Amino acid sequence: MSTNKQFISLITGSNTGIGKAVAREFIANGYTTYICGRNEAENTKTINEFKIEFPNSDIRTLKLDINSSQSIQEAVDQVTKDHGKLDFLVNNAGVFLSMAPPSQLDMEALRKTFDINFFGTVEVTQRFLPLLHNGTKKTIVNVSSDLGSLSLQPYTDYKFLNLNVLAYNSSKTALNGFTVQLSKELASKGFKINAVNPGFVKTNMNQGGGELEPSVPGLSIYNIATQEHGTGRYLGRDFTSYPW
C-alpha cells in the first residue's frame, strides 16, 4: 500500500455497489477514505470488511443522507473537525425510482429522483467546497450515466435508445450541466471537476442485471480522480470524452 494518507477522499453512497468499489481503490492506494451512506449498519459492515483487507488503512465512516441538509452539514462538520480539508469528493449516491416514460411519469417520483441525483448532489458539493478549497487535489467527480447525454438519446444506433426514462435520464442530464458550470467557475482556482459514465454496472439499482462488475468502474473512477484528465469533461472508462 502506498502512502497517501495525507490526502482525504470522500465517496457518497459508498457502502455498496460502484461507490464501494471506488472507495476500495482509494483505500488500497493508501488514501484516508470516508465510507458514506444512509444505512449505518451497511456502513459498519463495509468498513469492517475493508479493515480486514487493509489493516493499516485509515478508513472513516459517516452517516450521510444527501437528501437531508442536516445530515450533509453534520458530515461536513465531522470532516472539518477531523482534517479541516478534503482532497477528493466523488458524488456517487443516486437512485432509479421509475421506468415511466415522460407522458406517464408521476411527479412525486420525478421530484424524489431529482432530490437525490441532482439537488442533493449539488448541496453536498457546495457545502464541502470550503474544505476542498483547503485541500491539495481539489478534485470532484460526478458519477453520471450515458443516459444523461442529450446527444446520444436520439441517436438511432444508441444501445439504450428505447430506455426513454424521464426521471433518471434527465436528472443525470442536469448533473452533467452542473459539472460543466462548476468546472468553468472553479478552473482558475485549480479545481478538476469531471463527470463520468461508469457503464451498465451490476448493482442493486438494476437488481444485478448490468454488464460490468462494480470493480471495473471503481478502478476507472479512481483513475479519473487521481490522474490528470483536465476539467469540465464527460469521461468514459477509457478516458475518452462522451457527448454531452
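## Reading the model together

Tutor: Happy to. Keep in mind from the start that this is a predicted model. Let's begin with the sheet.

Student: Okay. What is the order of the strands in the open sheet?

Tutor: Reading across, you get S3-S2-S1-S4-S5-S6-S7, seven strands with parallel pairing. The edges are strand S3 (59–63) and S7, each of which pairs on one side only.

Student: Let me zoom in on S5 and S6. Over how many bridges do they pair?

Tutor: Five bridges, in the parallel sense.

Student: Which way do the side chains of S6 point?

Tutor: Here's the general idea: in a regular strand the side chains alternate between the two faces of the sheet. In S6, Lys-192, Asn-194 and Val-196 point one way, while Ile-193 and Ala-195 point the other way.

Student: Is S6 enclosed by the rest of the structure or exposed, and why?

Tutor: Largely enclosed, because five of its five residues are buried.

Student: On to charges. How many salt bridges does the count come to?

Tutor: Eight. One of them joins Glu-53 and Arg-24, with the closest N and O atoms 2.2 Å apart. Those two sit in distant parts of the chain, 29 residues apart: Glu-53 belongs to helix H2 (residues 40–53) and Arg-24 to helix H1 (residues 17–28).

Student: How accessible are Glu-53 and Arg-24?

Tutor: Glu-53 is partly exposed, at a relative accessible area of 39%, and Arg-24 is partly exposed too, at 32%.

Student: Which parts does the salt bridge between Glu-213 and Lys-202 tie together?

Tutor: First find the contact itself, where the side chains of Glu-213 and Lys-202 meet at 3.0 Å, N to O. Both residues lie in the loop between strand S6 (192–196) and helix H6 (215–226), so the pair ties together parts 11 residues apart in sequence. Glu-213 is partly exposed, with a relative accessible area of 42%, and for Lys-202, partly exposed as well, the value is 32%.

Student: Which residues do salt bridges with shared partners join into one network?

Tutor: Asp-58, Arg-60 and Asp-82. Within that group, Arg-60 and Asp-58 have their closest N and O atoms 2.7 Å apart. Arg-60 is partly exposed, at 25% relative accessible area.

Student: Now the backbone. What should I know about phi angles?

Tutor: Most residues other than glycine have a negative phi. Here, Lys-138 has a positive phi, near 50°. You'll find Lys-138 in the loop between helix H4 (107–134) and strand S5 (139–143). Phe-239 has a positive phi as well, near 70°, and its place is in the segment after strand S7 (234–235).

Student: Does Lys-138 count as buried or exposed, and why?

Tutor: Buried, because its relative accessibility is 15% and the cut-off for buried is under 20%. Phe-239, at 24%, counts as partly exposed.

Student: What classes of residue make up the lining of the largest pocket?

Tutor: There are 22 nonpolar, 17 polar and nine charged residues.

Student: And what is the volume of the second largest pocket?

Tutor: About 150 Å³. Its lining includes Pro-102, Leu-147, Gln-153, Asn-164 and Thr-173. By class, that lining divides into five nonpolar, seven polar and no charged residues.

Methods. Residues numbered from 1 in each chain as written. Predicted model: local features only at pLDDT ≥ 70, side-chain atom pairs only at ≥ 80, totals over all residues. Heavy atoms only, no water. Salt bridge = Lys/Arg side-chain N within 4 Å of Asp/Glu carboxyl O. Helix = DSSP H or I, 4+ residues; strand = E, 2+ residues; numbered from the N terminus. Buried < 20%, exposed > 50% of the residue type's maximum accessible area, 1.4 Å probe, protein only. Nonpolar A, V, L, I, M, F, W, Y, C, P; charged D, E, K, R; others polar. 1 Å grid on protein atoms, 1.4 Å probe; cavity = no way out; pocket = protein on both sides within 12 Å on 5 of 7 lines; lining within 4 Å. Points joined across faces, edges and corners; volume = space filled by probe spheres on them. Pairing = 2+ DSSP bridges.
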